[in-house]
Amino acid sequence: MTTSVDTALLDPDHLLRLADPSEYGAYGEMLDDAFTTGCWVTEEYRAGLHQIARRAKSSFVWVVEQLSSHELVAGILTPHPDEIRGGISTFNILGVATAGRGLGLGHKLVEHAIAQARYNGAESLSINSSPHMTHAHRLYYQHGFVRRIERETKVVDRGQRLFSFEL
C-alpha cells in the first residue's frame, strides 16, 4: 500500500499524518464532533463514524493534529490503491472538528485526497454526500467537482438519497 506522503506540515501548528491504530477511538470522537456540531446525522451514520478500525482495512486514516495541543482536529479517509477500481478513486468521512474550523483544513484535506488519487493512478474522483451537507458541497465545487445527478442512486440511512460528485 502506497501513499504519496506519510506526513505533511499544513501550517506551523497543524500536521497531516497517518493515524496510529491507538488513535482510532479519538479519531471517531473527533468525527462525532465534526458531524454533530452545526450539522445533523442519523444515529446509523453517527455509529459508523466510530468504526475506524473496520474502515482502516480498506482505507488510509489521515488525521490533522494540532501540534500545540496534540488534539486531532480534522481527518479524511482515502482508499488503499487496490481499492481504486476502473481508474476511479474516492475519499470519505472528511471531517473538521469545532477546534479546527475556519483554518482551511477542509480545503487542504480535499487537496490531499486529490493528490493521493493522482499518485495512485486514478483518472477521476467520485464521492457521495448527504443532501444537507451544503458546506461540503461548496468545498467540492471550489475544487472543481461537478454534481452527477444521473449517478444519484445510492439510498442510505432511512431513505436518504446521496448526492454524487465527480472530479
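Trainee: What radius of gyration does the chain have, and what would a compact globule with 167 residues have?

Mentor: This is a predicted model, and the value is computed from it. A compact globule with 167 residues would have a radius of gyration near 15 Å, and the chain agrees with that expectation. The C-alpha trace spans about 45 × 35 × 30 Å along its principal axes, while the radius of gyration of the chain is 15 Å.

Trainee: Which share of the contacts between residues at least 6 apart in sequence joins residues at least 24 apart?

Mentor: The chain contains 5 helices and 11 strands, and buried residues make up 47% of its 167 residues. Among contacts between residues at least 6 apart in sequence, the share joining residues at least 24 apart is 61%.

Trainee: How are the rings of Phe91 and Phe145 arranged, stacked or edge-to-face?

Mentor: The structure holds 7 aromatic pairs. In the pair of Phe91 and Phe145, the ring centres are 6.2 Å apart and the planes stand at 85°, and because planes over 60 degrees apart count in this class, the pair is edge-to-face.

Trainee: Where in the chain does Phe145 of this pair lie?

Mentor: The pair links distant parts of the chain, 54 residues apart, with Phe91 in the loop between strand S5 (88-89) and strand S6 (92-96). Phe145 lies in the loop between helix H5 (134-142) and strand S8 (146-147).

Trainee: Is Phe145 buried or exposed?

Mentor: Buried means under 20% relative accessible area, and Phe91, at 4% relative accessibility, counts as buried. Phe145 has 2% relative accessibility, so Phe145 too counts as buried.

How values were computed
Residues numbered from 1 in each chain as written. Predicted model: local features only at pLDDT ≥ 70, side-chain atom pairs only at ≥ 80, totals over all residues. Heavy atoms only, no water. Helix = DSSP H or I, 4+ residues; strand = E, 2+ residues; numbered from the N terminus. Rg over C-alpha atoms; globule rule 2.2 N^0.38 Å. Buried < 20%, exposed > 50% of the residue type's maximum accessible area, 1.4 Å probe, protein only. Contact = heavy atoms within 4.5 Å. Phe/Tyr/Trp six-rings, centres within 6.5 Å; stacked < 30°, edge-to-face > 60°.
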